[in-house]
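Please consult the sequence and structure shown below.

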Amino acid sequence: MVDIAIVDYGMGNLRSVYQAVHKVAPAAEVCVTEDAKVIANAQRVIFPGQGAMPDCMRELDARGLRQAVLDAAHNKPFLGICIGLQMLFEHSAEGDVPGLGILKGDVIRFAPELKDAQGNKLKVPHMGWNQVRHADHLLWQGIAQDARFYYVHSYYVKPRDTDLTQATSDYPTPFVSAVGRDNLFAVQFHPEKSAAAGLRLLHNFVNWNPL
Amino acid sequence: MLAKRIIPCLDVTAGRVVKGVSFVELRDAGDPVEIAKRYDEQGADELTFLDITASSDDRGIIFRIIEQVAEQVFIPLTVGGGVREVQDVRNLLNAGADKVSINTSAVTNPQLVADAAARYGSQCIVVAIDAKQVAPGKWEVFTHGGRKATGLDVIDWAQKMQKLGAGEILLTSMDKDGQKSGFDLALTRAVTDVLEIPLIASGGVGNLQHLADGVKQGGADAVLAASIFHFGEFTVQQAKQHMAKQGIEVRL
């Protein structure tokens, strides 16, 4: 039985996630896996994602991992990252596809022609280090209010239930950058690429016992 | 709000970081893994590695370097140099790169950009453009380290690359590179204004004000520099403090 399973459905490179988790949990058995049984038996599950959401959904199903992910999201410490956050919702405007529907709400694109307070054009994807205004949750322990995390995304989640929101960031108006309930937590940024703050969040996750 | 990024660039050959003026007079700057760790500690927002190895025999070296850096440094890593096919992109990502930069091959085979973006996502595809001014307000794309003219207009080319799936443009002024007289601000501004995707300005940084100018006047989303950091002239932290004083949003 592995301690931490990182779900691999063939979309991009999970080495960074693995390295960062290994860094914060050197004694844990961490496994990047496409095997539903390994996910089912793991103590905790990380659900990353990059690329386009329609491709991610298709590849997840092609590997028969949907049920394993749904189960994990309901019964063990579960961390979604980037597209792994977006896929938890009901629907994405990216490719007009349904998501896993674990959380109610939609994934929508940043509006075109965004401008900052000085009138400069804001680029999409939203790429780089942005501040995170976070709620009170164990996964934020030791992380300063407005700490910066690394983002790269063009779409963001809009939960129907605002109680799910565990953090927001501004681009230029606030968007939801983390959600959580019970055993589930998910972030839009990349903790594995967010230096000390990101490692701290991963450290908090691997030590989190919500059940 | 989103911070402007400072990206130290490490030109690597034969396992060492080097820096020259317009690709000649290479000067040794040290071990890439050690330098990467130092920049991370100084607060670099990302790191870019450019494999400038001429011979294909030595190409394996960059993979070992990236593997070692990725084990120790938890910020985005971009790697470029000699990327010719989708398999090269895959190999670099597997070694630990987060983004791969494509330059000459984007010109010789634009489909590579589309294929790589479709397979791995736009977020990991950077198209590097080497630009030379050919007339007032007009720049041409050069390849092969700035030796070969392509006849392509830089502004058109950047837009085409965005359309094909580039997630970011790394724009280097060949006129300014190594000159330490600042970015080509007119070039930077002309390109960033037509793009939806982020632009990294490169080529010409000689002091900290040049970095600030790249953002404020050039409109760059990120600024890349090599020699001002390599030889201990300035730290990344000093660069950020300098920019912050001018009201530029940075990660301190």
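In this predicted model, 25 residues of chain B are in contact with 30 residues of chain A. Two further topics follow: a helix pair in chain B and the surroundings of a helix in chain A.

**Contact between the chains**
- On the side of chain B that touches chain A, helix 2 (60-72) and helix 3 (86-95) of chain B are the elements that give two or more residues.
- That side of chain B comprises eleven nonpolar, six polar and eight charged residues.

**Helix 4 of chain A**
- Helix 4 of chain A spans residues 66-75, and its buried residues are A:A68, A:V69, A:A72 and A:A73.
- These residues lie on the same side of helix 4 of chain A, because they cover an arc of only 130 degrees around the axis.
- The exposed residues A:Q67 and A:H74 are carried on the face of helix 4 of chain A turned away from its buried side.
- Among the elements of chain A against which the buried residues of helix 4 pack are strand 1 (4-7), helix 3 (53-62) and strand 13 (184-187).

**Helix pair in chain B**
- The axes of helix 8 (residues 208-216) and helix 10 (residues 236-245) of chain B come within 9 Å and cross at roughly 55 degrees.
- The two helices of chain B, helix 8 and helix 10, are therefore oblique to each other, and helix 8 passes helix 10 in a right-handed crossing.
- From helix 8 of chain B, B:L208, B:L211, B:A212 and B:V215 meet B:Q238, B:A239, B:H242 and B:M243 in helix 10 of chain B.
- The residues of this contact comprise six nonpolar, two polar and no charged.

Methods
Residues numbered from 1 in each chain as written. Chains lettered and ligands numbered in written order. Predicted model: local features only at pLDDT ≥ 70, side-chain atom pairs only at ≥ 80, totals over all residues. Axes fitted to C-alpha atoms, helices over the stretch in contact; angles between N-to-C directions. Helix = DSSP H or I, 4+ residues; strand = E, 2+ residues; numbered from the N terminus. Parallel < 35°, antiparallel > 145°, perpendicular 65-115°, else oblique. Left-handed = near helix turned anticlockwise from the far one by under 90°. Contact = placed C-beta atoms within 7 Å. Nonpolar A, V, L, I, M, F, W, Y, C, P; charged D, E, K, R; others polar. Buried ≥ 20, exposed ≤ 12 C-beta atoms within 10 Å, placed from the backbone. Arc of directions from axis to C-beta.
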